[in-house]
Amino acid sequence: MPRLLPLFPPRPAQRPSSYRLDLRGATAAVLVLAVMCLGCRDSISGDVFDDYVCDDPNNDARRVILGSTQLVDGIASGVSSPSGVAVDSGGNVFVVSNFNDSVLRITPEGDIDEIIDSTGDRLGNTLDEPYGLAADSQGNVYVSGNVSQNVFKIAVPTACEVEDAPCGITQIIDEAGDLVDNALGTPTEVAIDTHDDVYVLGTGSNNAFRIMAPGKCKTSGPIFCVITEIVDSTGDRMGKLLTDPAGLATTTGDVVYVSGRGSNNVFRIPPGPDGIPTEIIDATGDGMGNGLSSPIGLAADSEGNVYVAGSLSDNVFQITPDNDIAVIIDSTGDGDGSVLSFPLRLAVDSNDIVHVSGRTSLNVFQITPMGTVTELIDEDGDGAGNFLESPEAIAVDSNGDLYLTDLTSGDVFMTPKPKCP
């Protein structure tokens with residue numbers, strides 16, 4: 001059965017379903033991160049220097065001090081192969097523990113609880129090797145089961161846990177897909193639109209589905225939720241195919257984007273039951289020599305721009321609503337020695353700042369709308385001995401703080417949004 005990631009390490013021993021992490025003593029490593037600027041003047045001291053990180057319309061460049069913290073110790077908490085991460089509006093962080101068949105909630109106070117395990121909904125629908133994760137505007141969390149071939153809704157899991165106060169869990173789609181002729185195989189990414197409709201990527205079945213917001217679904221009859229296949233292997237239905245879909249994103253107007261890792265392209269799918277997919281980028285990339293190869297990560301900003309990471313071309317493209325295409329970062333990274341290699345996941349914050357994780361370069365970069373590139377975290381991790389070994393999923397909260405999972409160690413790192421002094 002096809003998988004989005006290489007084979008994981010062996011399953012570790014199971015852990016207790018509730019774990020307390022004391023964050024009060026956490027040590028943040030302080031890093032001074034900079035990119036090159038010529039003849040800039042510090043707006044506070046008046047000194048002229050060559051390094052700065054903050055965009056400033058007055059060209060008053062200011063240094064930024066940034067620290068990263070190990071939010072979750074993978075070994076101590078039993079997190080194994082965390083393939084997904086999401087943050088809700090209350091600051092709760094949710095992490096997929098793939099090989100433990102579970103999802104964990106980390107509260108702002110540092111409490112860690114298991115909100116779903118391999119028993120799934122406890123009605124016979126199990127969760128096996130969860131992968132994708134997303135939270136809607138109501139605080140509900142959705143997780144895909146890569147091997148169990150399903151998606152579960154976990155109802156507002158801010159005060160529940162598997163052991164003492166079971167969460168309200170509902171399976172909203174399984175391998176039967178739309179219950180007509182279109183099956184769901186090896187589901188990976190999950191995304192939510194502005195109406196809280198849920199989207200799931202069938203990497204093994206070369207398709208994607210829209211699931212009506214579960215709050216609007218029927219509670220009786222043969223169909224619980226209205227499920228629609230929005231794209232399949234035929235792609236745009238005119239010869240541009242979709243193969244091995246790996247990335248999924250939604251943007252303003254409930255437009256959906258799907259990347260084809262095997263077909264080296266991205267499709268835009270308009271809302272509505274009859275939306276026809278359109279290919280918006282292919283292997284030629286920007287058409288000026290910067291190609292796109294093995295696209296995985298997808299994200300969109302508030303202006304309707306979509307971003308795609310070419311994992312084998314070592315670059316990230318921006319595609320505007322008018323279909324203008326430009327590279328916003330490539331293998332040179334920040335251009336000052338910190339390179340980007342095998343970009344994997346993308347996230348965009350409320351200020352339209354793009355974040356990209358580099359799997360083999362062991363780092364995460366941010367790219368501002370003005371084009372400033374900054375490395376936020378590197379292989380040193382938190383700088384206190386907790387190294388970054390295999391950066392995987394990323395998410396950004398409402399404050400612009402970054403959350404990053406490490407597939408090998410199981411650690412979760414938090415890097416605060418860069419702030420100018």
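The structure is a predicted model, in which local features need pLDDT of at least 70 and side-chain atom pairs count only at pLDDT 80 or more, while totals for chains, interfaces and linings use all residues. Residues are numbered from 1 along each chain as its sequence is written, and side-chain values use heavy atoms, with hydrogens and water left out.

## Stop 1: the salt bridges

Select Glu-189 and Arg-345, which form a salt bridge with the closest N and O atoms 3.8 Å apart. Glu-189 belongs to strand 15 (residues 187–192) and Arg-345 to strand 27 (residues 343–348), so the pair ties together parts that are 156 residues apart in sequence. Strands here are DSSP runs (E, at least two residues), numbered from the N terminus. Glu-189 counts as buried at 14% relative accessibility, and Arg-345 counts as buried at 9%. The term buried means under 20% relative accessible area, exposed means over 50%, and partly exposed lies in between (1.4 Å probe, protein chains only).

Next, select Glu-279 and Lys-240, whose side chains meet in a salt bridge at 3.8 Å, N to O. This pair links distant parts of the chain, with Glu-279 in strand 22 (residues 278–281) and Lys-240 in the loop between strand 18 and strand 19 (245–251), 39 residues apart. Glu-279 is buried at 17% relative accessibility, whereas Lys-240 is partly exposed at 41%.

Then select Arg-261 and Asp-244, where the salt bridge spans 2.8 Å, N to O. Arg-261 sits in the loop between strand 20 (255–260) and strand 21 (265–269), and Asp-244 in the loop between strand 18 and strand 19, so the pair ties together parts that are 17 residues apart in sequence. Arg-261 is buried, with a relative accessible area of 16%. To finish this stop, display Glu-189, Arg-345, Arg-359 and Glu-392 together: salt bridges that share partners join these residues into one network.

## Stop 2: the sheet that contains strand 22

Two strands pair if DSSP finds at least two bridges between them. Strand 21 and strand 22 pair in the antiparallel sense over three bridges. Within strand 22, Glu-279 is the bridge partner of Phe-267.

## Stop 3

Five of the five residues of strand 17 (residues 207–211) are buried, so the strand is largely enclosed by the rest of the structure.

Val-200 has Phe-209 in strand 17 as its bridge partner. The hairpin of strand 16 and strand 17 has four residues between the strands, and Asn-206 in this hairpin takes a positive phi near 55°. Strand 18 (residues 227–231) also pairs with strand 17 in the antiparallel sense, over four bridges. Arg-210 stands opposite Thr-228 in strand 18.

## Stop 4: Phe-152

Centre the view on Phe-152, in strand 13 (residues 150–155). Phe-152 is buried, with a relative accessible area of 0%. Contact means heavy atoms within 4.5 Å. Not counting residues up to four places away in sequence, Phe-152 touches residues including Ile-116, Asp-121, Leu-127, Val-141, Tyr-142 and Ile-169. The C-alpha atoms of Phe-152 and Asp-121 are 7.8 Å apart, although the two are 31 residues apart in sequence.

## Stop 5: the largest pocket

Finally, select Ala-135, Ile-192, Thr-250, Val-348 and Val-396, which lie nearest the centre of the largest pocket among its 49 lining residues. A pocket is an open set of points on a 1 Å grid over the protein atoms alone where a 1.4 Å probe fits, with protein on both sides within 12 Å along at least five of seven lines; lining residues have an atom within 4 Å of a point. Strand 19 provides the largest share of the lining, six residues.

Key:
A salt bridge is a side-chain nitrogen of Lys or Arg within 4 Å of a carboxyl oxygen of Asp or Glu.
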